Amino acid sequence: MKNKINTKLVKIDPKNIDYKVIKEAADIINRGGTVVFPTETVYGIGADALNDEAVDKIFKAKGRPQDNPLIVHIAQLDEIYSLVKEVPEEARILAEKFWPGPLTMILYKKDIVPDKITAGLNTVALRMPENEIALALIKESKKPIAAPSANTSGRPSPTLASHVVEDLMGKVDMVIDGGSTYIGLESTVLDMTSSLPMILRPGGVTKEDIESVLGECCYDPAIIKSEDKIIPKSPGQKYKHYSPKAKVILYKGSIENIAKTINEDYSKYKSLGFRPGIMSTVQTEKFYIGKTTISMGDRTKPLTISSNLFRGLRDFDHMGVTMILAEAVDEKGIGKAILNRLKKAADKIVEV
Ligand code: TXA
Ligand code: MG
């Protein structure tokens, strides 16, 4: 690769943060460099949001299309006022309730926010992450930090530093290893500029959570009918995403029907020369004894599934699996976000 960067890999214990390392990372941000850091959702590749050249490095490192805007990360609520034209009452209420946390809000931007970040839109996506390392880095650099997920565009988002190393070694200045991210799926993206707050990407803060404080919100129709040819409002949602190298088939239906069909298809694909692997759950492992399986987690604790999903997709690649047979989960709570990512990763959806 041309222009290879000497990436510095450092470790920080989130429970005992080494502020010397944070300072070093903040210096890189302030010099216009790129630092990968953990958040509670996924790892992000960060740069000074107000520096065009620095932001450009993010797009290059990820191979990200220029028309896909970035999320700007802040560490204190009042920073929002310097970046957006107005903060509607509803946005303030949501920020107080869910920040720091996995909620990104779209608001009308001020001119200070470079067009590069917003891909020319008049709005900007803002989020205050909850991870202490992320917050410390933003505070120390005294800059809003633009940070998309730290994967090569199209690949599953990284939930471990080793995933970042796989995708971005030699392409960023620093990678901070802060352990595994506990939610495992990217933040909820909520458009606060539409007449009703609209979820453009489901995530850790659910529709029910938002409705519990605002009364009402809705999904971007493109999420509900992702099979239709509706153009999603969030530019990032139109791209194929979360793709392991293997093909993915998603099975929807009752647990028994899913298990029966997956077992039949496992044999079928094996005889066709594929190396199948089953993405199961604690409740269904018993149906697949002797087969190549990764359990995503416990259906009664969907957070175990969300936190393991992307790692599972990458692990199948490492194992040489070429056809992933994945079980759908209930659409309740964060299950909506899990299913959204699985649908986007899937080459085919089978209803059984
Ligand atoms: O959890 C997360 O949100 C992670 C961590 C690192 O914070 N970040 C992340 O960023 O997932 P990224 O770039 O992978 O996803 C940002 C999403 C994209 O789908 C993008 O199109 C959308 O947010 N987005 C950003 N700005 C927008 C805007 N002004 N209007 C509509 N959608 C926007
Ligand atoms: Mg992403």
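Which residues in helix 12 are buried? They are Gly 335, Lys 336, Ala 337, Ile 338, Leu 339, Asn 340, Arg 341, Leu 342, Lys 343, Lys 344 and Ala 345.

This is a predicted model: local features need pLDDT of at least 70, side-chain atom pairs count only at pLDDT 80 or more, and totals for chains, interfaces and linings use all residues. Residues are numbered from 1 along each chain as its sequence is written, chains are lettered from A and ligands numbered from 1 in the order in which they are written, and side-chain values use heavy atoms, with hydrogens and water left out.

**View 1. Helix 12 (residues 335-345) is mostly covered.** Eleven of its eleven residues are buried. Buried means under 20% relative accessible area, exposed over 50%, and partly exposed in between (1.4 Å probe, protein chains only). Helices (H or I, at least four residues) and strands (E, at least two) are DSSP runs, numbered from the N terminus.

View 2. In contact are 26 residues of domain 1 and 17 residues of domain 2; contact means heavy atoms within 4.5 Å. The two domains bury about 1,700 Å² between them, 58% of it on carbon and sulfur atoms. Pro 156, Leu 185 and Pro 202 supply 31% of the area that domain 1 buries against domain 2, more than any other three residues. Buried area is the accessible area (1.4 Å probe) that two parts lose on being put together, summed over both.

**View 3. Arg 155 and Asp 317 form a salt bridge.** The N to O distance is 3.2 Å. A salt bridge needs a side-chain nitrogen of Lys or Arg within 4 Å of a carboxyl oxygen of Asp or Glu. Asp 317 lies in helix 11 (residues 302-318) and Arg 155 in the loop between strand 7 (145-146) and helix 7, so the pair ties together parts 162 residues apart in sequence. Both residues are buried. A network of salt bridges links Arg 155, Glu 166, Asp 167, Arg 314 and Asp 317. Four salt bridges cross the interface of domain 1 and domain 2.

**View 4. Asp 56 pairs with Lys 116 in a salt bridge.** Here the N to O distance is 3.5 Å. Asp 56 sits in helix 2 (residues 52-62) and Lys 116 in helix 5 (residues 115-118), so the pair ties together parts 60 residues apart in sequence. Lys 116 counts as partly exposed, at 28% relative accessibility.
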